[in-house]
Structures are given as structure tokens and as C-alpha cells.
Amino acid sequence: MSNDPADTTVSTSPVPLRICIAGAGAIGGTLAVRLSAAGHQVSVLARGQTLQAIREGGLTLHDLHGTAHARPAADDQPSFGIQDVIFLCAKSQDMSALLPQIAPLVGSETVVIPTNNGVPWWYFHREGGRFDGETVKAVDPDGALFRAVPLAQLIGSVLFITAEVESPGVIRSVNPHLMVLGEPSGEMSERLLRVRAAVEAAGIEARATDRIRDKLWTKIIANISTNPLSVITQGTLEQLYGLPELREVVSQIMRETLLVASSYGARVDIDPLTFLQLGEAMGAFRTSMLQDLERGRPLELAAIGDAVLEMAERFAIPMPITSAIVSLARFRGEAARQQRAQQDNNPLPAAKAA
């Protein structure tokens, strides 16, 4: 296979794999349904209402392919045996609890693929530069994630999938699916091509690249320029990228982050204007961080915001606009959580009958 990142050809047809989806939210649910429909033996590590919904009625996905339904094995314990592939679909702040839990599923040949947003904890693993082997303190302050899974079994991924959970077990996605996969070392390995083929056969455009960090920065720029700002403004992607007053803030964050990306040798192949046009075309979609705010969940600011600011500090790159927006989003998120906690502890009295 060519080392061209856009080259998606493979030499062999995909064979059914044992695949575990750890975390069945919008992204995990999308992957579970698509991979099940392709004939893979899919299991889902889930909890709470989502687990109950999958056990009772399976998973339903509404996307550009139509409506698909799957009934994967589901449990809140790693009871599925050794897997060929594990997709880690939890938020970055949940990884410290999830990684030890998947240990019984990991064999000597298991491929582990994190899909979370922002700067991944493994960023400097076999990076080859001056920081090779270091950790990203914002997402892995004590190095626990770095030690939890054998890094030799990890493949990086960047997902360009917009999806929302309509109700437990029901996911809707209105844009094309794209997954980019790459070895941290840049090697075009046999296992990388095998996973890419399996994902492609599931109806998800899949690309293998020898420069996964380039694509990581493309997604990081999209995340950091819209997610925190959406928390403050409650704007959709169409508004963030399209309204002049918000578009300018997005553009300034992009420019600051592009300088950080270039300092680490990344080549981002989309110019800022095209970035804005593509973002606006995605329509009235709410970012994952805005969805978390509305559901009273913790915000993924450490990986999406703090980690980028940390990486900027390594080269003394100022990011005043980005830093301010991340700080405001953190304040907004904490205020919303406190308000929700207060409401849960002091529910409003029931209305009196007339």
C-alpha cells in the first residue's frame, strides 16, 4: 500500500473480527451498529440506561445509509473474552477508569484504538521528536494512562463523525462518516491495514496514514475552535462558523492553534477559509461539549483545551484568545453543574391543582 494518506486501497478482503466498543454513546453506538451490520462479532461495554436499552432493544442508528439496527452483546463487565480490536469511545476524562477495566479483553495481538477528542495521552509515544516518550500532563498527570495499556498495541485514530444520542440506544448522524487510522510510529503495518479494511467495509470511509498526528491536529483545531465557544454561546456549528461575530473568534483560535501545530511539525492540509466553509456546511449540529453541558456532564476541556495550551507553553507560544475562551467555558460548565446539583437536591414543589 502507498504511504499517501489519501490512499485507502487494501490488498485483501476484510474478515470478521471480534470487536469490543468500550463506551456506547453517540460515537460508540455508531461504530457498534455499522460494524455489526458488516458481520463482525461486536460487543459493547456500557452502563446505566444505555446498557439497559441495548439489552432490551439493541441499538438503532439513523444515518446517511438509512436506518440500521443491531443487537450486540452488552455488559458492564469485560465478559466478552479476548478481542481482536477494542475501540475506546469514552470521554478523555473517563479513560483513567476505563483502561484498567478492559484489561481482561486485551490479548497479545489485540489492537486498542482510542477515539476520544483533543490531544491523546499517547501523543509523544514514538513521536520521534525532542519530546519523544513524554506525557501530556493535562490528560495524564501521573502517567497512569501511559502505563495502563501496552503502547505497542495501540493504533491512533481521528474520527470525523457527528452524531447525537436521541434516546438511550438510539443515535442519529446527518453527515458522512470518516475515520483516519495510523500507527504512532508512522509504520504502515499489516494490522493497521486490516482494521482499516474492516471499518471501510462497515460503511465508514476509512483511511490509513503514516502521519496520524497531522490528522490529529486537524481535529484538534476543529475541537478547540468550536467546543468551548459553543458552551459559552450555545451556538451550533452553522452559527459558530457562519455568524460574523462568532466566525471571527473561531478564526482567531484557529490561527493560534495552527502555530502550535506547526511547531510540532504537523502539516494541516486544510486552509482556514476552507475549514470555516466546511464547518458551516455541517449545519445546525451541537458540539459534543454543548451536548454534555445540556446533560449536566463534565466537559472535555482537559484534552480539548488545557492540553493544547500546555503544548503551546513548551514553545512559549501565546494563546490569549484560546485561553480566555477555555476559561469562560470552564466557568460556564461548573456553574451549570452546580445549578443542576442544586435543583436535584431541592426539587421545585409540585404545582397545586386548580
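**Exercises on rings and cysteines**

Ring pairs join Y123, F124, F131, W217, Y264 and F315 into a cluster. This is a predicted model, in which local features need pLDDT of at least 70 and side-chain atom pairs count only at pLDDT 80 or more, while totals for chains, interfaces and linings use all residues. Residues are numbered from 1 along each chain as its sequence is written, and side-chain values use heavy atoms, with hydrogens and water left out.

**Exercise 1.** Classify the ring pair of Y123 and W217.

*Solution.* Rings of Phe, Tyr and Trp (its six-membered ring) pair if their centres lie within 6.5 Å, and planes under 30 degrees apart count as stacked, over 60 as edge-to-face and the rest as tilted. The centres of the Y123 and W217 rings are 6.4 Å apart with planes at 80°, so the pair is edge-to-face.

**Exercise 2.** Classify the pair of W217 and Y264, and state whether the two residues are buried or exposed.

*Solution.* For W217 and Y264 the centres are 6.3 Å apart and the planes lie at 25°, so this pair is stacked. Both W217 and Y264 are buried, where buried means under 20% relative accessible area, exposed over 50% and partly exposed in between (1.4 Å probe, protein chains only).

**Exercise 3.** Decide whether C20 belongs to a disulfide or to none.

*Solution.* A disulfide is a pair of cysteine sulfur atoms within 2.5 Å, and a search of the whole structure finds zero. For C20 the nearest cysteine sulfur is that of C89, 9.1 Å away, and C20 is in no disulfide. C20 is also buried, with a relative accessible area of 0%.
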